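Let's take a walk through this structure together. Have a look at the sequence and the model first, and then we'll go through them piece by piece.

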Amino acid sequence: MVTIRSLPTLMNAGGGGVECSPKRPHARRGHWHNYWTGPRSGERKLVLRWVEPMFIHGGEFDEVTVHPVKI
């Protein structure tokens, strides 16, 4: 028997055999990313989009550490 599940279902399943340690809060840089758009069985188009910078695992009142850098 074959079971087909969507990616969000697999991600929320809470298993998968891989256990990750808790991640520290960190900033994720913004970057350009290519996305394929259109139906899988039809004509597809490659679109370049900007992914905004984001703060990961951070609450509203997290402290920020700033390190001085020589330029």
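Val-47 sits in strand β3, where helices (DSSP runs of H or I, at least four residues) and strands (runs of E, at least two) are numbered from the N terminus. Not counting residues up to four places away in sequence, Val-47 touches His-33, Asn-34, Tyr-35 and Thr-37; touching here is contact, meaning heavy atoms within 4.5 Å.

Before we go on, a word on what you're looking at. This is a predicted model, in which local features need pLDDT of at least 70 and side-chain atom pairs count only at pLDDT 80 or more, while totals for chains, interfaces and linings use all residues. Residues are numbered from 1 along each chain as its sequence is written, and side-chain values use heavy atoms, with hydrogens and water left out.

Now step back to the whole chain. How much of the chain is buried? Buried residues make up 3% of its 71 residues, with buried meaning under 20% relative accessible area, exposed over 50%, and partly exposed in between (1.4 Å probe, protein chains only). The accessible surface comes to about 7,600 Å², and 57% of that belongs to carbon and sulfur atoms. Those areas come from the Shrake-Rupley method with a 1.4 Å probe, and for residues only the protein chains shown count as cover. As for contacts with a separation of 6 or more, 31% of them are between residues 24 or more positions apart.

Back to strand β3, which covers residues 45-51 and includes Val-51. Val-51 is buried, because its relative accessible area is 16%. Setting aside neighbours within four places in sequence, Val-51 is in contact with Gly-30, His-31, His-33 and Tyr-35. Its C-alpha atom is 5.4 Å from that of His-31, a residue 20 positions away along the chain.

Next, find Trp-32 in strand β2, which spans residues 31-37. Trp-32 counts as exposed, because its relative accessibility is 56%. The structure holds 1 aromatic pair. Trp-32 and Trp-50 form that pair, edge-to-face, at 5.2 Å centre to centre and with 65° between the planes. The pair links distant parts of the chain, since Trp-32 is in strand β2 and Trp-50 in strand β3, 18 residues apart. For the pairing itself, rings of Phe, Tyr and Trp (its six-membered ring) need centres within 6.5 Å; planes under 30 degrees apart count as stacked, over 60 as edge-to-face and the rest as tilted. Trp-50 is partly exposed, because its relative accessibility is 39%.

Finally, look at the loop between α1 (7-12) and β1 (26-28), where you'll find Pro-25. Is Pro-25 buried or partly exposed? Pro-25 is partly exposed, because its relative accessible area is 45%. Leaving out neighbours within four places in sequence, Pro-25 is in contact with Phe-55, Ile-56, His-57 and Gly-58. Pro-25 and Gly-59 are 34 residues apart in sequence, and their C-alpha atoms are 8.6 Å apart in space.
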